[in-house]
Amino acid sequence: MEYFKFKLESAYAPCGDQPEAIEQLINGIECNERLQVLLGVTGSGKTFTMANIINKLNRPALVIAHNKTLAAQLCNEFKELFPHNRVEYFVSYYDYFQPEAYIPRTDTYIEKGLEINDEIDRLRNSATSSLVERNDVIVVASVSCIYGLGAPENYLKNTISLRPGDIINRDTLIDRLASILYKRNDISFERSTFRVRGDILDIFPSSYNTKAVRIEFFEDEIEKLIEFDVNSGKAISALTHISIPPATHYFIDRDENEKILDQIRADLHERVKYFKSEDKLIEAQRLKERVNYDLEMIREMGYCSGVENYSRYFDRRLPGTAPFTLIDYFPDNFIVFIDESHITLPQIRGMFSGDFSRKQNLVNFGFRLPAAFDNRPLNFDEFNSRIKQLICVSATPADYELNLASRIVEQVVRPTGLIEPPISIRKTEGQIDDLISEINSSIKKGGRSLVTTLTKKMAESLTNYLREHNIKVEYMHSDVDTLDRIEIITRLRKGDIDVVVGINLLREGLDIPEVLLVAILDADKEGFLRSRSSLIQTVGRAARNRDASVIFYADVVTNSMKSAIDETDRRRSKQIEYNTENNITPRTIIKPISNTLMISKKVEDVELCKNKSEIETEIDRLTELMKLASDAFDFETAIIMRDRIASLKKIGKKKNQYPH
C-alpha cells in the first residue's frame, strides 16, 4: 500500500461553529472515543467540517448516506475538496432488482431479476481497488456497504501487480487474467477484457473508465507499461506500476476450486438426505437439480446465476459467521461518518431481518442451500463490532446515538449568518384560505412555497384546489418519477411554478434558497410525519432564505410541536447572538439553478486550463462528476458536465494541446 497525505483545497477557512466542532471531534477521536455526534443544522457546512477532520487526522474514511442521491452529492463535494486524493462512490449497482423469493401460500417462485449499472459496478471496483492500493481514500457509500462482498484477502491475493522489468511470460499473464474472470475480446474492447496483438497486451481494468493499460513485452520481460485513452488510442503516460484488480468481487481461487465444489456437494448431500427423511421429496429433487447445475456452471465458467449464495464457501467462512463487506477492505485506523444518522442507522439496523425472512422460504422449500443465509447484510451487532470510531452527523440525531455518544458537538451557527426561520401556529379553521393568502404574499415578494400534507390524496386534492385559484402548483410524492421530481424542483427554483405540495419528500437533502414559506398542515397529528425530528427537518427547508417563515396549522400544541419550536428558538437565539457579536448580516444562499447535485465550483472557466496536463486532468474530473450525476438521475447536471468537457476539448485543439 502506498501512503499519501490528504490535501484539502478550499478558498474558505472554517468559521462560525466549525473551528470548535472540528477541534472537539478530533480530540474525541484522538482520545479513542468510539461514538460522537455532530449536531449540525441545515446549511452549517457539515461536509466541510467532516473534510477538515479527515484532512487533519490523515486517516481513510467511510461516509455512509441513506440513499444514492445524497451519497452522490456528498461524493461530489468531497471530490471538490480533495482533488488530489481518492474519493470513491460505493452504492448498489442495480438499476432494477427483484430479489429471489418463494411464496408458499400460492406456490409462487419469483426468480431473481436485475439490471446492473455497469458504471456503478466500475465505481465499486474502483473503491475496493483504491483501498488496497493506498491510504488517502474517502469512500462515500449507501447502506449497501454492509452487504456481503468477496473476501479482501482473496481480492488482494488475486490482484495482479505489474512493473517494467518484471519477468513474466505473456501467456502466463493471460492465464492469470482469465483466472480472475477477465475475458479476451479483440473486437469489442470494454471493461474487464483484454486483447492481444503480438508482443503487446492491452488490459481494460475493472476499476477504469476511459483509460486502459498497454503492456509491451520483450521476450518474457515487461519492457513498457503505458496508460492510454480507450477511445482515441492516444498514449497518456508511462507507468512505473499498475495493479489489475479482479473483474468481480465474487470468484473462486483456481487453486481452491475443486476443494470448494466438493464441500458444496457434501452439504448438498446432507440437505437432500434431510429432506428425504422428512418425506419432502419434491424439495429434495428441486435442490439437487439446482445445485448440481450451479456447480457445473461454476466449474466451466467460474460463476453462475446467484453465485453470491455460495459466497461462504468461497470465503472459507463457517456457517453463521458474518460476511465480508466493504468495511473489511479498510485499514484498521479508518473513521466512519454516518450522514443523516437519524435515518441511516435505522436502515442499517433493519436490513438483516428482512433478508433473513425472505431466504427462510427459499431454504425451507429446497430452492437454496442453508449457505444462502450467509450471503446477507451485517446485523447491527456485527456492524458495531467492525466500527471502532464513529461520528454521527444530523440536524436531529435520534435517541440511540445521543444516549451512546461520548460527546455531542453542536454546529448551529451558519457561515452565511442565516438564522432559523420564525414559526407561527395558526388554527385549522379556514386554514386553506389563510394558506392561499400567505402563498400569494410570497409570490409578490418573488419567493416560493412548500406545503406538506399527511397523505398523497390530500396533496393531490390541495394541488387541484390551488390551481383553481390561479396558483402555479405541482404535487410531489413517491408516485412521481425521479426525473419528474428533479424537473419539478428545477421549475420551482426558476419560478415556472410557485408552490410544491408534498408529504415527507420535502425534508432531508432538499435545499431551495428561493423558498419564503413552509406550511405544515395538520401539524398536531402525532406520528412519524409530525414527530419532533420530522418537524425540525421540514422547518430546515426554510433556513436558506433570510426572509423565510414557517406556519404550523394546528388546533393543539403537541409535545412534538413544542419540542420542535423550543429547539428552533434555542438555535435561533444562539445564531442571533453570534451574528450580533461578530457584526454579521444574514445573507440568503445563492445557488445556481442549473446545478442540483454539485456544490458551487470556485473556478468554472475552462479557459483557465493552461496546458495539456491541466486540460486532461480537468476532463477526467468532469467525466467522473458527469457519471455520478447521471447515476443519481441528475441528467441536467450531467449535460452541463458534458458540455464543459466538449469546451475543454475544443480549447485543447485550438492550442494544439489535446489530440484530435
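Q: Y102 and F367, buried or exposed?
A: In this predicted model, Y102 is buried, and F367 is buried too.

Q: How far apart are their ring centres, and how are the planes set?
A: The centres of the Y102 and F367 rings are 4.8 Å apart and the planes meet at 40°.

Q: Where do the two residues lie in the chain?
A: Y102 is in strand β5, residues 101-103, while F367 is in the loop between α10 (341-364) and α11 (380-386). The pair therefore ties together parts that are 265 residues apart in sequence.

Q: And Y109 with F367, what kind of pair is that?
A: Y109 and F367 are stacked, with 4.6 Å from centre to centre and 0° between the planes. Y109 belongs to strand β6 (residues 108-110) and F367 to the loop between α10 and α11, so this pair ties together parts 258 residues apart in sequence.

Q: What are the relative accessibilities, starting with Y109?
A: Y109 has 27% relative accessibility, so it counts as partly exposed. F367 has a relative accessible area of 5% and is buried.

Q: Which residues make up the ring cluster there?
A: Y102, Y109, F365 and F367 are linked into a cluster by ring pairs. The count of aromatic pairs in the model comes to 13.

Q: Which charged end sits over the ring of Y102?
A: That of R286, 6.0 Å from the centre of the Y102 ring. There is also R349, whose charged end sits over the ring of F380, 4.5 Å from its centre.

Q: Changing topic. What is the strand order in the open sheet of six strands?
A: The order is β20-β25-β24-β21-β23-β22, with parallel pairing. β20 (423-426) and β22 (473-476) stand at the edges with a single partner strand each, so one side of each has no neighbour in the sheet. From one strand to the next, the twist averages 20°.

Q: What about β21, how many of its residues are buried?
A: Five of the five residues of β21, which covers 448-452, are buried, so the strand is largely enclosed by the rest of the structure.

Q: Which way do its residues point?
A: R448, L450 and T452 point one way from β21, and S449 and V451 point the other way.

Q: How many bridges join β21 to β24?
A: Five bridges join β21 to β24 (residues 515-520), and the two strands run parallel. S449 has L517 of β24 as its bridge partner.

Q: And to β23?
A: Four bridges join β21 to β23 (residues 499-502), again in parallel. T452 is opposite G502 of β23.

Q: What joins β22 to β23?
A: Four bridges, with the two strands running parallel. E474 is one of the residues involved, and its bridge partner in β23 is V500.

Q: Which helix packs on the sheet there?
A: Helix α14, residues 456-468, packs on the sheet and touches β21, β22 and β23. The direction of α14 makes about 175° with that of β22.

Q: Now helix α6. Which of its residues are buried?
A: In α6 (residues 170-179) the buried residues are L173, I174 and L177. Seen down the helix axis, they fall within an arc of 100°, so they line one face of α6. This follows a general rule: an α-helix has 3.6 residues a turn, so residues three or four places apart point the same way.

Q: What do they pack against?
A: The buried residues of α6 pack against β9 (160-162), β11 (193-197), β12 (200-204), β13 (211-218) and β16 (242-244).

Q: One more residue, F48. Where is it, and what does it touch?
A: F48 is in helix α2, residues 46-57, and is buried at a relative accessible area of 14%. Leaving aside residues up to four places away in sequence, F48 touches L8, S10, Y12, A13, P14, Q18 and L81. F48 and L81 are 33 residues apart along the chain, and their C-alpha atoms are separated by 8.2 Å.

Q: Whole protein: how many helices and strands?
A: 19 helices and 25 strands. Of its 660 residues, 54% count as buried.

Definitions and conventions:
Residues are numbered from 1 along each chain as its sequence is written. This is a predicted model: local features need pLDDT of at least 70, side-chain atom pairs count only at pLDDT 80 or more; totals for chains, interfaces and linings use all residues. Side-chain values use heavy atoms; hydrogens and water are left out. Buried means under 20% relative accessible area, exposed over 50%, partly exposed in between (1.4 Å probe, protein chains only). Two strands pair if DSSP finds at least two bridges between them. Contact means heavy atoms within 4.5 Å. Axes are lines fitted to C-alpha atoms, for helices over the stretch in contact, and angles run from 0 to 180 degrees between N-to-C directions. Rings of Phe, Tyr and Trp (its six-membered ring) pair if their centres lie within 6.5 Å; planes under 30 degrees apart count as stacked, over 60 as edge-to-face and the rest as tilted. A charge sits over a ring if NZ of Lys or CZ of Arg is within 6 Å of the ring centre and within 35 degrees of the ring normal. The arc is that of the directions from the helix axis to the C-beta atoms.
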